[in-house]
Amino acid sequence: MTVAGSWRKWLSLEAGLLLFAVLYPLVPFVDLAADAADLSVHLDQRLVTIFIYGLLVVALNVQVGYAGLLQLGVAAFFGIGAMTTGVVTVDKYPFHFGFWGALLAAPAVAALAGLFIGAPTLRLRGDYLAIVTLGFGEVLRTVLVNLESITDGPRGLNPVAEVWVPGFVRELAGAGDDNEARLLVMYYVALLLLVAAVVLLHVLERTRIGRAFVALREDELAAACMGLDPGRIKLAAFAGGAALAGLAGALYATNLTTTADPTNYDFNNAIMVLCCLILGGLGSLRGALLGAALLIGFDNVLSPLLDKAIAALAGDAQHPLAKYSAWRWFVFGSALIAMMRYRPEGLFPARRVAQELHEPPAGSTAAVEPS
Amino acid sequence: MFETIAQQLLLGLTNGMVFALVALGYTMVYGILEFINFAHGDVFMLSAFFALTLVGAWGVPGLDGATLAGVLLAIVALTTVFGAGVNWSVDRLVYKPLRKAPKLAPLVSAIGVSFVLQNVGLVWGAAKMEVFGGGGQPAAPKSFPALLPTTNLLGGSSLTLQVKDVLVIAASLTVMAGLYVLVTRTKLGKAMRATAQDPQTARLMGIDVDAVIGATFLIGGGLAGFAAVVYALYINTVYYQMGYQNGLYAFTAAVVGGIGNIPGAVLGGLLLGLVRALSDQFIGAQWQPAVLFGILILILVFRPAGLLGSTAREKV
C-alpha cells in the first residue's frame, strides 16, 4: 500500500475528530450548554487529559502493539517524565530549564530509564517481562513515596514551570486572564504533540525499523534468521515507547502544575492505559487513539456526571456502593475479559494483528492443544 | 540484638508459610499451562472475606473451648472448599476458552479477573454485618477477631513463641506434606507431573489433560483458601486489596524458588517471609515493596530459573 493510499483511509472518522479537537476551544459548545444547564463538565480541560493519555496509549502501542513486548510498567515511565519535569523546573532545584527544556529532558530521562530497565530484561520470556516491568513500577512508586525530601511526597514538586504563552494569545484572552490563556495554549500544545507523535509513528510503521518491530512480534526466530538483531530492536522499541510516555508525563505535570501524588503513577494507571490499547486494538494507531478517547472520555467526562446524577436521585440515603466509582474496576476488568474472549484484536484492529490473534502459528504458544 | 533477629526470623517463618501456600497455587498452574494466574491473590482475598463472613454469621467470637476449635476447623474446611470452587470456576469460565489463544490473551484476562474479584471484595466489604463494621465503609480494612490462643510457650524468656505461631506452622506443614504425597504418590499426582512435562504426550498416554488442569486449579484455589484463613487468624486484618500485594509477593516466592517447581515454591515462600521480616525490622516497613520487588527483578535478570528450577527455554 502506498503512503498516500494509507492516508486516505484516515480521512473519514479521524479527520472529523481532529477538526472537532482543533475547533472546539474556539466554540466550546458542550461547555456552554453545560454551563447553561448548571453542570460543570469542562470538556476543554478534560480533552487535555484525553490528549495526554492518548500520547501515553500510543507510547505503549510502540512496545506492546508493534513489538509485542507485554510491559505492565508504562505508568512508571509516565511518572519518570513527570518527576523529571518537576526536578528540572521547580525553584527547589538549580536547573530552571523552563517548559521547553522540560519537554526535552523528560523524554530523554524516560528513554534512559527504558534502556536501563530494558537492557537486562528484554531477553526474558514474554510473561517474565510483564512481571519485571510491574515490579519496576512498584519499586519506583515506593521510592517516590518514601524519598519525601526529594519528591515532596504526596503533594508533589510544585509549582512546575507553566506552559509558554505567546504574547498575542495573552492579548487575545483579554488582559488579566492569564489562566484562560494558559489553558488555551496547554490545549493546543498537547493536541499538537499528540498529532506530531501519531504522524511520526504512522511514518515509522512503514520504515525498516517499524517493520522490524512487527517482524519480531510475529516470529522472533524467523526475524533473527533474516538478519535482524532482536536484542537491539526490542531495546529500540522499548526506549522509544518509554520516551513518548515520558513526554506524556511532562505534559501531565505541566498541566497540573505539580508532579502530583506518586500514587498517580501506579499499577492501576498502567492497567488503565493497557485497557485503552486493548479496547482500541493492539498495534493499531487509530485503535490506540480511539481507545483512549472512549475509555478516558468515559472515565473522566461521563462517569462524574453519572455519579452526580445518582447522588441527586438518592439524596441523603445514598448507599456507599451506589456510585459508578465503586464499580469502576468491575467495568474495566470485565471489558478486558470480554475483549480477550470475543474480540482480542480490539474495536479498531490492525489487520495483521487480527490475523495473528485468530490464527496462532502452529505450536507457538499454547501449551495444550484443543481437545 | 540477637533476640530481635530471632523474633523477626520466627515472624518471617510464619509469614513465609502463608506465602508458600499461595505460591504453590501459582507454581502448579504455571507448571502445566505456562500461565501466570494474576487473579490467584484475589482468590486468596475473597476466601478471607468468606471466612470473616462465617465468623460473623456463626457468632464465633462468643465461643470458647471445644466448640471454638470445632467451629474453626469447619471454617478452615469450608473456606478451603470455597477457594477451590472460585479458582476452578474462574478457570472454566474465563481461561479455558482461551487455551488455544496466544499467551497474551489469558494473561490479560487474568488481570481483568483480578480487577473484577477486587471489585467483588469491595462490594462484599459493604455487607451489613457487625464483623464488617456495619458495611458503611466498604474499602476500609476489616478486623478479623483474634481467635487463636496467644499464650507464650517460652514462659519467662523475653522471646515470644505463641501457641498461634506453632499452630500456623504445624497446620501449614501438614497441608504441604499432604500435597507432597498427592503429587508424588497418587495417580492424579503422576498425571499432573506428566501433563506439566509434556501435555501432548500426556494426552497420548490416555491422560485427561482437561481434568488434570481442573484439578490443578481446584488444589491451588484450596491452598489459597486455606492460606487465607491462616493469614486472617494470624494477621487479624483483611481488606479488599490484600490479594494484590500478597499475591505478587507469593508470585515472587514462586519465581525465587523456580517457577513450576513445587518444593521451590515452599523454599521461596519461606525465604521471602524471612527477608520481609528482616527488611521490615532493619530497613523499614515502608520500603517493603521496593525490597521484595527488587529481589524479584534481580532473580529474574540473573537467575530466571530460580533457585531450584532447571533452565527452561520458552517453547517456540
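In chain B, α9(B) passes α10(B) in a right-handed crossing, meaning that the near helix is turned clockwise from the far one by less than a right angle, anticlockwise being left-handed. This is a predicted model, where local features need pLDDT of at least 70, side-chain atom pairs count only at pLDDT 80 or more, and totals for chains, interfaces and linings use all residues. Residues are numbered from 1 along each chain as its sequence is written, with chains lettered from A and ligands numbered from 1 in the order in which they are written.

Helices are DSSP runs of H or I, at least four residues, numbered from the N terminus. Helix α9 (residues 242-257) and helix α10 (residues 262-282) of chain B pack at about 120°, axes 7 Å apart. Axes are lines fitted to C-alpha atoms over the stretch in contact, and angles run from 0 to 180 degrees between N-to-C directions.

The residues of this contact divide into nine nonpolar, five polar and no charged. Nonpolar covers Ala, Val, Leu, Ile, Met, Phe, Trp, Tyr, Cys and Pro; charged covers Asp, Glu, Lys and Arg; the others, Gly among them, are polar.

Next, the other pair. Helix α2 (residues 40-57) and helix α3 (residues 65-95) of chain B pack at about 145°, axes 9 Å apart. Their crossing is right-handed.

Finally, the chains. The contact takes 47 residues from chain B and 44 residues from chain A, contact meaning C-beta atoms, placed from the backbone, within 7 Å. On the chain B side, α4(B) gives the most, with 14 residues.

Key. Two residues are in contact if their C-beta atoms, placed from the backbone, lie within 7 Å. Helices (H or I, at least four residues) and strands (E, at least two) are DSSP runs, numbered from the N terminus.
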